[in-house]
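Hi,

Here is the model I promised to pass on. Have a look at it first, then read my notes below.

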Amino acid sequence: MSLLPIEEAFRIIAETTPLLPVEQVPPREALGRVLAEPVVAPIDLPPFENSAVDGYAVRSRDLTALPTHASETGPTVRLRVRGEVPAGGAPTGSITSGETARVMTGGRIPAGADAVVMREDVEEAPDVARVRRAVEPGANVRPRGEEIRGGEVALEAGRRVNPGGLGFLLALGVERVAVRRRPRVAILATGNELVAEGAPLRPGAVRDSSTPTLATLVESAGAVAVPLPIAPDDRALLAERVREGLSHDVLVTTGGVSVGDYDFVKEVLAEQGVKIRFWKVAMKPGKPFVYGIRGDTRAFGLPGNPGSSLATFERFVRPALRKMAGDPSWAPAEAEAVLDARCGNAGDRTWFLRAALSWRDGALHARPLAGQGSGTLRSAGEANGFIVLPPGAINREAGARVTVQILPAIYGEVWNSPFVMKGDAR
Ligand code: AMP
Ligand code: MG
């Protein structure tokens with residue numbers, strides 16, 4: 001079987017990724033998730049006319065004799081202060097000509113008033129306010145429904161609820177929003193040599209770093225991770241675990257998909273009714289990667305090498321999880337960056353070089369990290385992106401423009417740039 005180009009693999013996954021069913025949840029539980037239906041405002045916001053500043057509620061007509069810019073020495077208009085409206089308080093009565101009421105930011109505008117003069121433009125004395133400037137009708141007043149009217153769409157379907165959006169929903173008093181169910185993702189590491197996190201290392205064994213790492217990545221994609229116990233390289237036991245894993249929305253396995261004598265994953269998946277859509281992609285790291293379908297369940301057989309499972313997760317699995325959850329921007333985030341050091345790809349697979357991405361001098365920069373072995377993770381601890389080098393990109397000098405895949409914030413935000421501060425980049 002020849003190697004499938006990554007674009008082709010991606011297309012097949014995208015085309016076969018189902019949308020999960022919609023559920024209604026409180027806004028807080030929707031944080032970070034994508035709205036499946038538009039949210040309609042149940043009320044006007046603000047719900048009542050109120051002051052945008054601390055000042056004096058006035059009838060703008062009373063001040064027409066004043067200049068529009070206040071001056072210390074200019075004329076003033078003397079108004080009688082008819083009480084005070086703090087935020088949350090009730091106006092004491094209506095304002096008539098020659099009257100004003102002290103009003104605080106967020107306080108209701110008393111009847112009769114049509115504008116608010118900022119406190120800074122008033123000389124205050126007990127019961128009297130000397131106003132120094134004129135105001136337009138409506139000045140410093142936040143009309144009812146200015147932000148949104150009840151019945152209008154507050155947030156569109158397809159929008160990810162971010163902290164600002166959550167605050168908006170809570171301000172509106174929205175109780176339930178429609179989001180897609182979080183994908184449930186079984187994680188199954190395979191290999192006789194693996195020992196679980198926390199267990200002692202026997203001779204010849206390696207620690208299973210992939211299960212906890214992938215669980216974290218799954219959770220960071222807004223999905224629910226269901227780590228399964230490690231499966232040994234034994235057909236019958238593997239079949240049992242795979243069967244269990246396939247009862248979830250997604251099964252992610254690691255290891256056992258290459259051409260070794262004990263690489264049973266692909267066959268076991270097929271035995272369990274998974275229709276294999278492809279095996280082996282033109283990607284480095286990550287060649288032995290298998291993708292299959294059974295009913296509504298999707299199976300991703302990731303390579304065992306930890307660097308490979310991480311790269312294939314980010315290229316294929318995370319986008320699929322986002323798509324399942326209804327995110328319209330589910331494709332990997334790619335951008336153009338300036339190379340900080342030379343690199344090249346003489347091979348026939350697209351190379352995903354772990355890189356430290358940072359903003360510098362107004363441009364996104366990518367520094368290829370030392371140690372790119374697919375069996376290693378050391379440099380992955382410094383990487384917040386990949387330089388994506390297609391086959392034939394032989395010599396890319398420092399300063400050249402390259403395509404990068406920006407990894408999600410959990411890897412280290414690009415703007416945070418902790419990597420270049422060590423001084424080894426320039
Ligand atoms: P495999 O794809 O099963 O041939 O495994 C390739 C390499 O990755 C071997 O050196 C394995 O020991 C290693 N490996 C496989 N699974 C894991 C894992 N979960 N954690 C750490 N290393 C692993
Ligand atoms: Mg193995």
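Helices (H or I, at least four residues) and strands (E, at least two) are DSSP runs, numbered from the N terminus. With that in hand, P46 sits in the loop between β2 (39–40) and β3 (50–51). This is a predicted model, in which local features need pLDDT of at least 70 and side-chain atom pairs count only at pLDDT 80 or more, while totals for chains, interfaces and linings use all residues. Residues are numbered from 1 along each chain as its sequence is written, chains are lettered from A and ligands numbered from 1 in the order in which they are written, and side-chain values use heavy atoms, with hydrogens and water left out.

The protein chain has seven helices and 26 strands. Its radius of gyration (taken over C-alpha atoms) is 31 Å, whereas a compact globule of 426 residues would have one near 22 Å; that globule rule is 2.2 Å times the number of residues to the power 0.38. Along the principal axes, the C-alpha atoms fill a box of roughly 95 × 50 × 40 Å.

Most residues other than glycine have a negative phi, and most peptide bonds are trans. Back at P46, the bond that joins L45 to P46 is cis, with omega about -5°. K284 to P285 is also a cis peptide bond, omega near -5°, and P285 belongs to the loop between β19 (283–284) and β20 (290–294). N140 is not a glycine, yet has a positive phi of about 60°; look for N140 in the loop between β9 (128–131) and β10 (141–142).

Now ligand 1. There are 14 residues around ligand 1, and E193, D208, S209, G256 and G304 come nearest (a residue is near if one of its heavy atoms lies within 4 Å). By class, the shell has four nonpolar, seven polar and three charged residues. Here Ala, Val, Leu, Ile, Met, Phe, Trp, Tyr, Cys and Pro count as nonpolar, Asp, Glu, Lys and Arg as charged, and the others, Gly among them, as polar.

Which backbone atoms lie close to oxygen atoms of ligand 1, as polar contacts (pairs of N or O atoms within 3.5 Å)? A polar backbone atom of G256 is 2.9 Å from a ligand oxygen, one of G304 is at 3.1 Å, and one of N305 at 3.2 Å. On its own ligand 1 has 490 Å² of accessible area, and the protein covers 75% of that (Shrake-Rupley, 1.4 Å probe).

On a 1 Å grid over the protein atoms alone, a cavity is a set of points where a 1.4 Å probe fits but cannot get out, and a pocket is an open set with protein on both sides within 12 Å along at least five of seven lines; lining residues have an atom within 4 Å of a point. Grid points are joined across faces, edges and corners, and a volume is the space filled by probe spheres set on the points.

- Two cavities reach 30 Å³ or more.
- The largest cavity is about 110 Å³, and its 13 lining residues include seven charged ones.
- The largest pocket holds about 210 Å³, and α7 gives the largest share of its lining, four residues.

Cheers

How values were computed: Polar contact = N/O pair within 3.5 Å; in protein donor to acceptor, adjacent residues only side chain to side chain.
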